[in-house]
Amino acid sequence: MNMRKKIVAILLAFVLVVTASPLPVSAKSYKQHFETSKEAMLTSYYGTSLDGLGEHAAILKEKEDKSFQGEVQSALLIDAQDNKVLASKDALKKAYPASTTKVMTALLTLENCKLTDTVTVKKDIRFHESGVVAVGLKKGDKIKVEGLLNALLIESANDCAVVLAEHIAGSEKKFTDMMNQKARELGATHCNFVTTNGLHDKNHYVTAYDLYLIFKEAMKYDAFLNIVQKANYTLAYETAANVPMNLPMETTNHYILGDYNLPDDIFMIGGKTGTTGEAGSCLIVLTKNSKGREYISVVLNAKTKDILY
């Protein structure tokens, strides 16, 4: 074999190893990764993306956790300090995310905007569904990105997701394309985003593990963590007629409101809720214990709010 053939053979071998490696781990060789992650690889779940996860994501070795007893569709508990999966139930199976979708919307906003940017609403935002949470933004209203993010994550205002999407990408469709691209970059290969806010669509879904990856990326932004731990917020903006508006808001996270108690020695940092008829009650949160050790918890499609909390 001449030198050129040897080089070609080496390159082909490298390509085969890369395309066979479903979980990107930059700090380990592919051989080391394979030896430590065989069970995860056999799930054929993680895709072939080599960006985003690095050595910082937990490797899920899916086993049914009997403690959940069918009361939730999917669940995941991860020690965020050492990226260890402590409990899981069907964390690789598709589920409807409801408004936990907004974690991805917030992530892309933080990547593409400054909090001080002023956004002019392009159109009246209306929804066909009844009971949809919304600020009631109309064409010509002027509002800061910071205000939109707070309303998005605290009160879960669905129109704010639409306004942010149109501001960043020009349309909701282009923005959902960005959401799906970002998910692939993070290794979240079994979710599909169709809406910017999580209002129900049968083709809009995540897995608990995908949501964990997205949330973990959003945690890199101080602004995200500062917002999701707030109990209350007053949204300030101006109408098209330059009338100042101030709307009080309250978090949808009932742990923060004190309506439900956390386990002893566990304290809430913050997170995102979601609820639709099809998705049930959903939640992803970051907590810590008295020693400062942090945990990420995901619950999708709990039958009731009491079960969720």
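These legends walk through close-up views of a predicted protein model. Residues are numbered from 1 along each chain as its sequence is written, and side-chain values use heavy atoms, with hydrogens and water left out. Because the model is predicted, local features need pLDDT of at least 70 and side-chain atom pairs count only at pLDDT 80 or more, while totals for chains, interfaces and linings use all residues.

**View 1. The whole protein, as a starting point.** Let's get our bearings before zooming in. The protein has 11 helices and nine strands; these are DSSP runs numbered from the N terminus, with helices being H or I of at least four residues and strands being E of at least two. Of its 309 residues, 49% count as buried, where buried means under 20% relative accessible area, exposed means over 50%, and partly exposed lies in between (1.4 Å probe, protein chains only). The protein exposes about 14900 Å², and carbon and sulfur atoms supply 52% of that area; accessible areas come from the Shrake-Rupley method with a 1.4 Å probe, and for residues only the protein chains shown count as cover. Among contacts with a separation of 6 or more, 62% join residues 24 or more positions apart, a contact being heavy atoms within 4.5 Å.

**View 2. The largest nonpolar core and its neighbour.** A nonpolar core here is a set of buried Ala, Val, Leu, Ile, Met, Phe, Trp, Tyr and Cys residues joined through side-chain atoms within 4.5 Å. The largest one has 73 residues, and those with the most contacts inside it are Leu 76, Val 135, Leu 137, Tyr 212 and Phe 224. Once neighbours within four places in sequence are set aside, Val 135 is in contact with Ala 151, Ala 157, Asp 159, Cys 160, Leu 235, Tyr 237, Leu 247 and Met 249. A second, separate core has 10 residues, including Val 285, Val 299, Ala 302 and Tyr 309. As background, nonpolar side chains in soluble globular proteins tend to be buried together.

**View 3. Helix α5, enclosed by the structure.** Helix α5 spans residues 145–155, and nine of its 11 residues are buried, so the helix is largely enclosed by the rest of the structure. The buried residues are Val 145, Gly 147, Leu 148, Leu 149, Asn 150, Ala 151, Leu 152, Leu 153 and Ile 154. Just after α5, Ser 156 takes a positive phi of about 65°.

**View 4. Val 119 in strand β3.** Strand β3 covers residues 118–120 and contains Val 119, which is buried with a relative accessible area of 1%. Leaving out neighbours within four places in sequence, the contacts of Val 119 are Asp 141, Lys 142, Ile 143, Val 145, Leu 148, Val 163 and His 167. Val 119 and Gly 140 are 21 residues apart in sequence, and their C-alpha atoms are 9.3 Å apart.

View 5. The structure holds nine salt bridges, each a side-chain nitrogen of Lys or Arg within 4 Å of a carboxyl oxygen of Asp or Glu. One of them joins the side chains of Glu 166 and Lys 123 (2.9 Å, N to O). This pair links distant parts of the chain, with Glu 166 in helix α6 (residues 158–169) and Lys 123 in the loop between β3 and β4 (142–144), 43 residues apart. Glu 166 counts as buried at 7% relative accessibility, whereas Lys 123 is partly exposed at 37%. Another bridge pairs Glu 217 with Lys 220, again by their side chains (2.9 Å, N to O); Glu 217 is buried at 12% and Lys 220 is exposed at 58%. In the bridge between Asp 124 and Arg 126, the closest N and O atoms are 3.3 Å apart. Here Asp 124 is partly exposed at 32%, and Arg 126 is exposed at 68%. Finally, look for Asp 79, Asp 82 and Arg 293, which are linked in a network of salt bridges.

**View 6. Two further residues with positive phi.** Asp 90 is not a glycine, yet has a positive phi of about 45°. Asp 90 lies in the loop between β2 (84–89) and α4 (102–112) and is buried, with a relative accessible area of 18%. Asn 301, also a residue other than glycine, has a positive phi near 60°. Asn 301 sits in strand β9 (residues 294–302) and is buried at 15% relative accessible area.
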